[in-house]
Every structure is written in structure tokens, then in C-alpha cells.
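Biologist: Please take a close look at a single part of this model. Walk me through it in short steps.

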Amino acid sequence: MAISNFDYDGAYLYMKSILKQSRFEHCLRVSQLAGELAEKYGEDVEKAKTAGLFHDIKKHVSYDEAYAVLTKLGVTEKILLELAPLSHGLIGAELLKNQFGLDDAKIYDAIANHTFGRLEMSLFEKIVYIADNLERGREFEGREKLEKLAFEDIERAYFEVNKNTLLYLLQNNRKINPILVDIINEYIDNYVEDKWN
Ligand SMILES: [Fe+2]
Ligand SMILES: [Fe+2]
């Protein structure tokens, strides 16, 4: 069943023409894994596959374009403006909404939040976020184990993915959006029983 009002074919052709082949194939794999996770957790498979497919539609956004879209949307946080192209999720979600008629909040939010995450993420958003990080073309130690974990304990997998991201940023001298630390603390508050040892 098609997602109402959404010009899926138009967005697909646009994305295929604009993304590098390797990025396009990444999107196909994210779509696949997001669909499988949605099936496992009783979420909407078609919407998960769609969000996975289009999550990086604006991956190649320039700094200037990203900055312009963010300020137009009223974003004022310094770190977000500094790292403007990392908001390619939000910018892509806006493009899908404004140019291709996407009016599905679930898909919009999952795409918009796939880079930085957010506190109190929905299960559907986590599925797309995790699929992006763990799709089968990614090559890093422990990927397969984490993929398995994602099908057993999605909250724990979300935590492990965020820990990996934090470690990567630290090891590569990259700026850290404080929301990442908040998200890690959120998991510890909710799931780690013995916080003091
Ligand atoms: Fe992305
Ligand atoms: Fe991605």
C-alpha cells in the first residue's frame, strides 16, 4: 500500500540521480534492515523501509544550504549550526515533505533524527537509527554481534550504537553534540540498575 500523497517514485529518482552509487546502496541496505527490525518489533514494515531508503536523501548537502535551511527552521543552537551538514536528516525530511508530498510524521521524524538522535526516541525512530548504523555493508569489528543484539534487545543495541559513536568521535577529535551524552545517560537512568559501582 502506497503512503498517501507521497511521490515515492519522484523521490526515488531524485535520490538515485543525486547520491553517489555507494551511498545509494547504503540506503538500500538500511531500508532492508529497517524493514526486518520493524517486522520483528511489530512496527510498520513499509514505513520503516521507506524511512530507511530515504534517510540520506540530502547526505551531500553543502554547508551553506544546510545552514540556510536550519536558520529558516528557527534552529539557533550553536553546535547544530556549526555542524550544519550533519543535520542532513532534518534537511532531507523537509525536502521529502515540501517537494515530494511526504506527510507522514513517523517517517519524517525517523529521517530527521537519524544523525543526532533525540531523547525519548520512539521505537520506530530507533529502528531506523540502528539500521543506519548496523546495515550489512558497514565493516567494523563487532557489527554482526550488534546486529544480532538489535533483534534481541533493541534498547541495549541503541545504547551500544551510541557508545560506539561517542568513542569514535573522541578518538577522531571530532566535536560532540551534547545530546549524545544525554541519550547515553537516558539509557543508564532507565536500564542500569547499579549506577554507583
Ligand atoms: Fe545520514
Ligand atoms: Fe546513512
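Modeller: Start with histidine 88, which lies in helix H6. Helices here are DSSP runs of H or I, at least four residues long, numbered from the N terminus. This is a predicted model: local features need pLDDT of at least 70, side-chain atom pairs count only at pLDDT 80 or more, and totals for chains, interfaces and linings use all residues. Residues are numbered from 1 along each chain as its sequence is written, while chains are lettered from A and ligands numbered from 1 in the order in which they are written.

Histidine 88 counts as buried because it has 24 C-beta neighbours inside 10 Å. The cut-offs: 20 or more other C-beta atoms within 10 Å is buried, 12 or fewer is exposed, and in between is partly exposed, with C-beta atoms placed from the backbone. Leaving out residues up to four places away in sequence, histidine 88 touches Asp56, Lys58, Lys59, Val61, Ala66 and Thr115. Touching means C-beta atoms, placed from the backbone, within 7 Å.

Now look along the chain. Alanine 112 is 24 residues from histidine 88, yet their C-alpha atoms are separated by 7.7 Å. Alanine 112 belongs to the contact between H6 and H7. The axes of H6 (residues 88-100) and H7 (residues 105-112) come within 7 Å and cross at roughly 150°. Axes are lines fitted to C-alpha atoms over the stretch in contact, and angles run from 0 to 180 degrees between N-to-C directions. So H6 is roughly antiparallel to H7; that label needs an angle over 145 degrees, with under 35 roughly parallel, 65 to 115 roughly perpendicular and the rest oblique.

Terms used
Helix = DSSP H or I, 4+ residues; strand = E, 2+ residues; numbered from the N terminus. Contact = placed C-beta atoms within 7 Å.
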